[in-house]
Amino acid sequence: MRTNGKWEKGAVSAPSAKPHNNPRDQPAATSRSSPTTSEATPAGATMAGTVPKLAAPRPAAAPLPSQSLRSAALAFAPSARRFRVSISGRARSPVIAMASGKEGNGAATKRTTLHDLYDLQGQSPWYDNLCRPVTDLLPYIANGVRGVTSNPTIFEKAISSSNAYDDQFKQLISAGKDAESAYWELVIKDIQDACKLFEPIYDETDGADGYVSVEVSPRLANETQGTVEAAKWLHKVVNRPNVYIKIPATAECVPSIQEVIANGISVNVTLIFSVARYEAVIDAYIAGLESSGLSDLSRVTSVASFFVSRVDSLIDKNLEKIGTPEALALRGKAAVAQAKLANQLYLKKFSGPRWEALVKKGAKKQRLLWASTSVKNPAYSDTLYVDPLIGPDTVSTMPDQALSAFLDHGTVARTIDANVSEAEGIYSALEKLGISWEEVGKQLEHEGVTSFKKSFDSLLTSLTEKGNALKTAANL
C-alpha cells in the first residue's frame with residue numbers, strides 16, 4: 001500500500017491514472033541535439049549449487065544514509081512530468097546537457113536528448129555502468145537517465161580498478177569472509193545505494209521506471225534451480241522495491257524466469273540474441289504471472305534485454321567470408337532488422353484474450369530493453385544501435401560510448417516500427433545466404449555467458465589473492 005509517497009507492507013493497488021500524452025497518439029516528434037564536446041570511455045550466491053546466507057552488507061567506511069541518498073537524488077531529479085510510461089570502468093565520460101530551461105518547480109535545469117527521448121517518445125534511457133561512488137550517478141539522473149544496468153564485467157572493472165572498495169573489503173576479510181562472500185557484499189551495497197538514488201523516479205512513475213539491475217552469478221547460467229534460489233536470495237538481501245534481478249535467457253534458465261516471476265520478483269532477462277529465444281522469454285513471463293496466485297500483479301514487472309551490436313559483429317564476419325556483393329551489402333543491417341522484428345513479436349504477444357485477462361489483475365507488459373548498444377565497428381554510425389530503435393514502452397541501456405554519442409548528436413524520433421517490411425527482407429535474405437539465426441543466437445549466448453564467467457572468476461581470483469595478502473600482513 002502506498003502512503004505519503006512510501007510503500008508499506010500489505011496489498012498494493014494498481015497505478016492510478018494520470019493525465020499524460022501517449023506517444024502512440026501523437027505524430028512522430030523529432031528532436032536533434034546541438035553539438036557538444038564529449039569524451040567516450042570504455043566502459044551468485046556460492047555458485048557450486050548453494051547460495052551463501054550473507055548478513056546485511058557491513059561497509060567499513062560509514063555508509064551514506066539512505067535518506068541522504070534519496071534527498072540528493074530529489075535535489076538533482078527533474079520535477080514530475082505529466083508523461084507516464086504505460087508498461088503494458090571507473091572512468092566515466094561527461095554527460096553534457098544540450099539546452100537549458102525551467103522545470104515546474106522553478107529551478108533551472110538542463111534539458112537533453114534523453115529527456116526528449118522519454119517525454120516525446122516514451123523510451124526510457126538507462127545507463128549501463130555502475131561503480132563507486134554511486135553519487136557520481138546524480139548528474140546522469142539530472143540529464144535524463146532513468147535506470148541502471150550492471151553485470152559481472154562492469155563490477156570486475158569497477159572493483160579491480162578502484163581503491164573505493166578497499167576499506168569495506170578489508171573489514172569483510174577481517175571478519176572472516178571469503179572472497180566470494182565479500183564480492184557479493186560489495187556489489188549489494190552498490191546496488192542498494194543506486195536503488196535509493198533512483199527511488200524518486202520509481203515513485204514518480206508508480207513503479208514503471210527507476211530500476212537498478214543486478215545479475216545472478218554467471219556460474220549458474222546452466223542451472224535452473226540454482227538460478228531460482230540465487231534470484232530469491234539476491235532479491236531478499238538487496239531488499240529494494242526498484243531492483244531487477246538479472247537472469248540469463250539460456251535454455252536452462254527460461255524455466256527459472258517463470259518460477260521467479262511466479263514468486264513475485266521483478267526480473268531483467270538478459271543475454272537474448274534471437275527472436276525465437278525472445279518468444280520463449282515472453283511465454284515464461286506470462287506463464288509466471290498466471291501461476292503466481294497474486295490477485296494484484298501491478299508490482300511484478302520485467303524487461304527483456306535484447307542484445308544488438310554483438311549480432312552485427314558475428315554476422316558481418318560471416319558475410320565477409322561469403323564475400324559476394326549481395327552478402328557484403330548486408331553488413332551492419334542484421335542487428336537492427338532482427339530487433340525490429342522482436343518488437344513486432346512484442347506487440348503480438350502482449351495482446352489478445354490471454355494477456356487481457358492478466359491486465360485486469362494489474363499486469364504490466366514486459367518491456368523490450370535494447371542492450372549492447374555501443375558500436376563495435378568504427379565504420380558505422382556511433383548511434384546505429386540507438387537511433388533506429390526508438391519507440392514507446394521500450395528501454396535503451398547505453399554504456400559511456402553510446403550515451404555520449406546520443407547526447408551529442410542523437411536524433412529523437414519514433415523509428416522502431418518504421419521500415420518493418422525492409423527488416424523482414426533483410427532477415428530473410430540472410431537466411432537465404434545460409435546464415436542460421438538459431439546458430440547465431442546459440443554462439444552469441446555461449447560467448448556472452450563465457451565472457452561473464454571469465455570476468456567473475458578473474459575478479460574472485462584477484463580478491464582471493466588480495467585477501468590472502470591482507471591476512472598475511474595481519475599475522476606479521
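Ring pairs and helix packing

Reply: Phe350 is buried, at a relative accessible area of 3%. Buried means under 20% relative accessible area, exposed over 50%, partly exposed in between (1.4 Å probe, protein chains only). This is a predicted model: local features need pLDDT of at least 70, side-chain atom pairs count only at pLDDT 80 or more, and totals for chains, interfaces and linings use all residues. Residues are numbered from 1 along each chain as its sequence is written, and side-chain values use heavy atoms, with hydrogens and water left out.

Me: Which residue forms an aromatic pair with Phe350?
Reply: Trp355. The pair is edge-to-face, 4.9 Å centre to centre with 85° between the planes. Rings of Phe, Tyr and Trp (its six-membered ring) pair if their centres lie within 6.5 Å; planes under 30 degrees apart count as stacked, over 60 as edge-to-face and the rest as tilted.

Me: Is Trp355 buried or exposed?
Reply: Buried, with a relative accessible area of 2%.

Me: How many aromatic pairs by this rule?
Reply: The count is 15. Phe273 and Phe307 make a tilted pair, because their centres are 5.1 Å apart and their planes at 50°.

Me: Where do Phe273 and Phe307 lie?
Reply: Phe273 is in the loop between strand E10 (267-272) and helix H9 (275-291). Phe307 is in strand E11 (residues 302-307). So the pair ties together parts that are 34 residues apart in sequence. Helices (H or I, at least four residues) and strands (E, at least two) are DSSP runs, numbered from the N terminus.

Me: Buried or exposed, Phe273 and Phe307?
Reply: Phe273 is buried at 2% relative accessibility. Phe307 is buried at 7%.

Me: Which residues do ring pairs link into a cluster?
Reply: Trp126, Tyr202, Tyr211 and Tyr244.

Me: New topic. At what angle do H10 and H12 pack?
Reply: About 130°, with the axes 7 Å apart. H10 covers residues 309-322 and H12 residues 334-349. Axes are lines fitted to C-alpha atoms, for helices over the stretch in contact, and angles run from 0 to 180 degrees between N-to-C directions. That makes H10 oblique to H12. Under 35 degrees counts as roughly parallel, over 145 as roughly antiparallel, 65 to 115 as roughly perpendicular and the rest as oblique.

Me: Which residues meet there?
Reply: Val311, Asp312 and Ile315 in H10 meet Ala334, Ala335 and Gln338 in H12. Contact means heavy atoms within 4.5 Å.
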